[in-house]
Amino acid sequence: MTAQFKLLNLQQLTFDNRFCRELPADTNSSNSRRQVFNACYSRVMPTPVIKPERVAYSKEVAALLDLAPAACETDEFAQIMAGNRLAKGMEAYATCYGGHQFGQWAGQLGDGRAINLGEAINSRGQRLALQLKGAGPTPYSRNADGLAVLRSSVREFLCSEAMHHLGVPTTRALSLILTGEQVIRDMFYNGNPKAEPGAVVCRVAPSFTRFGHFQVLSARGELDNLRKLADYTIRTDFPHLGEPSPSVYITWFEEICRKTAEMIVHWQRVGFVHGVMNTDNMSILGLTIDYGPYGWLENYDPDWTPNTTDAGERRYRYGNQPSIAFWNLGQLANALYPLIEQAAPLQQAMDLYTKTFVQGWQAMMAAKLGLKNFDPATDEALCTELLDILQVVETDMTLFFRRLALLDTRDTKAILPILIQPLLDAYYVPGQLTPAYMARLEAWLRNYILRLLKDGNNDNRRANMNAVNPLYVLRNYLAQLAIDKAEQGDHTQVNELLEVLRHPYTEQSGKEMFAGKRPDWARQRAGCSMLSCSS
Ligand code: AMP
Ligand code: MG
């Protein structure tokens, strides 16, 4: 197959830096930490680093940008992606945003350790903003250093790409580069600082605009700038909505509500827990953004959060994600209110979030169970009972749904041991499988089989289920094993995980270890079940 267009290197990309061109810039050019008023961004150069070394890059993101694989393996690529120089057409800047953190208004936050490099336009005319994470301080760095460590950069890099391949809307990651420098971090904020390898990830997305970009302008009463940013966002990221006007602001907010609902349905489907759903970590495009102390459900537990910083309140636990997204949309609605000056349409859009989420969740659960449709008459009870059962004993969510596809529906009279055989692999503690539990599970399974039979002939049930129930997810302990190796200078496991996670729904021979339950040693180990915001 011949390429339809020429593959490029970074110097040959076409940039059209519309964010910089059309929005107000900070007039103070110093890179000092401060409040930045009357501006959407500040120009700031990345801080040069000693010895950039590529750990990994994503070939799909390179292809999206029309970059030749060989061009991503050069020293020049590592230099640019570590922030040591800009390629032709790039402009470096950090943006101003605010946000609610853990439910409290936190004022200005901003790109404290993200430096944007401009917007590349690919051969299909798609706009792709590039952003370095961990390339040094900006005016928004507050009291922190603007840097990132390898541990958290591996997690951001791998999870961005894993989520994409799972079909979850997300920002992408082009590259992961070591800086050759050390960064001091106190991982659990408990007085144990240590030096860790520094790294930079290059993130890629149509836009990195967050709810908090609108919030900060609204909170400061900078209504002209609020309107400018809204108009810019509609024209650039939502051009199909037409020219901005009060009614278009409403349809725009409706679309944000819908996209956010769709993203959350996906998170719930794959068992992803974001961990820090502050309003500054919510993308206006409904993309998963800012991979910090996120985690994947191992045993199904809606109360679980990976984020130790949130261990008390558990605001951002798995089961709370749908209502937190709703709350966050409410904060965005407040911020946009001055442009619309009517509460009712904003309220209706919020209702649309709920409706889209509920319908999406039902369709998603039906798909996970291999049903043709969600029939509320029977399936509400079916799902409620299943989700209860999954919590009674420690059950691996990913493996359970994957193994459920193996259930034999032809033999409706199969005895219990045969019936449940395919599922046994999903349990963590065999001793928990008491007769009472087994009876409850059996009742549910027989009910489920009857429900499947009612659906009629469905020869493709297994394939359909396997297309929505992943086999390979970025289990917390798998990421940690790859990090342990990478910290010793061995990058093979990062790259092997990246490769396996490209096909999360397809059984890959020889890759069984990536589909295994969390081993016992990982139950309480830092990085595996407990993470903090320190990154
Ligand atoms: P997060 O919790 O990652 O969403 O970050 C919240 C805010 O803190 C954002 O404004 C980040 O840019 C900023 N931030 C987090 N870590 C750092 C760091 N190491 N240096 C500078 N700013 C940071
Ligand atoms: Mg953030």
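Me: How many salt bridges does the count come to by the rule?

Reply: The count comes to 34 salt bridges. The rule asks for a side-chain nitrogen of Lys or Arg within 4 Å of a carboxyl oxygen of Asp or Glu. Some ground rules: this is a predicted model, where local features need pLDDT of at least 70, side-chain atom pairs count only at pLDDT 80 or more, and totals for chains, interfaces and linings use all residues. Residues are numbered from 1 along each chain as its sequence is written, chains are lettered from A and ligands numbered from 1 in the order in which they are written, and side-chain values use heavy atoms, with hydrogens and water left out.

Me: What makes Glu22 and Arg18 a salt bridge?

Reply: Their closest N and O atoms are 3.2 Å apart. The limit is 4 Å, so the pair qualifies. Both residues lie in helix H1, four residues apart, about one turn of the helix. Helices here are DSSP runs of H or I with at least four residues, strands are E runs of at least two, and both are numbered from the N terminus.

Me: Why is Arg203 with Asp290 called a salt bridge?

Reply: The closest N and O atoms of Arg203 and Asp290 are 2.7 Å apart. That is within 4 Å, so the name applies. Asp290 lies in the loop between strand E11 (272-273) and strand E12 (295-296). Asp290 also has a positive phi of about 70°, although it is not a glycine.

Me: Which domains is the protein divided into?

Reply: Domain 1 (3-212), domain 2 (230-367), domain 3 (371-457) and domain 4 (476-522). The bounds come from an automatic or database domain assignment.

Me: How do you know that domain 1 and domain 2 are in contact?

Reply: Contact means heavy atoms within 4.5 Å. By that test, 37 residues of domain 1 are in contact with 43 residues of domain 2. Their centres, taken over C-alpha atoms, are 23 Å apart.

Me: What area do domain 1 and domain 2 bury between them?

Reply: About 3,200 Å², with 61% of it on carbon and sulfur atoms. Buried area is the accessible area (1.4 Å probe) that two parts lose on being put together, summed over both. His100, Phe102 and Phe211 supply 27% of the area that domain 1 buries against domain 2, more than any other three residues.

Me: How many salt bridges does the rule find across this interface of domain 1 and domain 2?

Reply: The rule finds two.

Me: Which residues come nearest to ligand 1?

Reply: Gly110, Gly112, Arg142, Gly146 and Asn281, out of 17 residues around ligand 1 (a heavy atom within 4 Å).

Me: What makes Arg142 a polar contact of ligand 1?

Reply: A polar side-chain atom of Arg142 lies 2.6 Å from an oxygen atom of ligand 1. A polar contact is a pair of N or O atoms within 3.5 Å; within protein, one must be able to donate a hydrogen and the other to accept it, and residues adjacent in sequence count only if both atoms are side-chain atoms. So Arg142 passes. For Asp145, an N or O atom in the side chain is 3.1 Å from a nitrogen atom of ligand 1.
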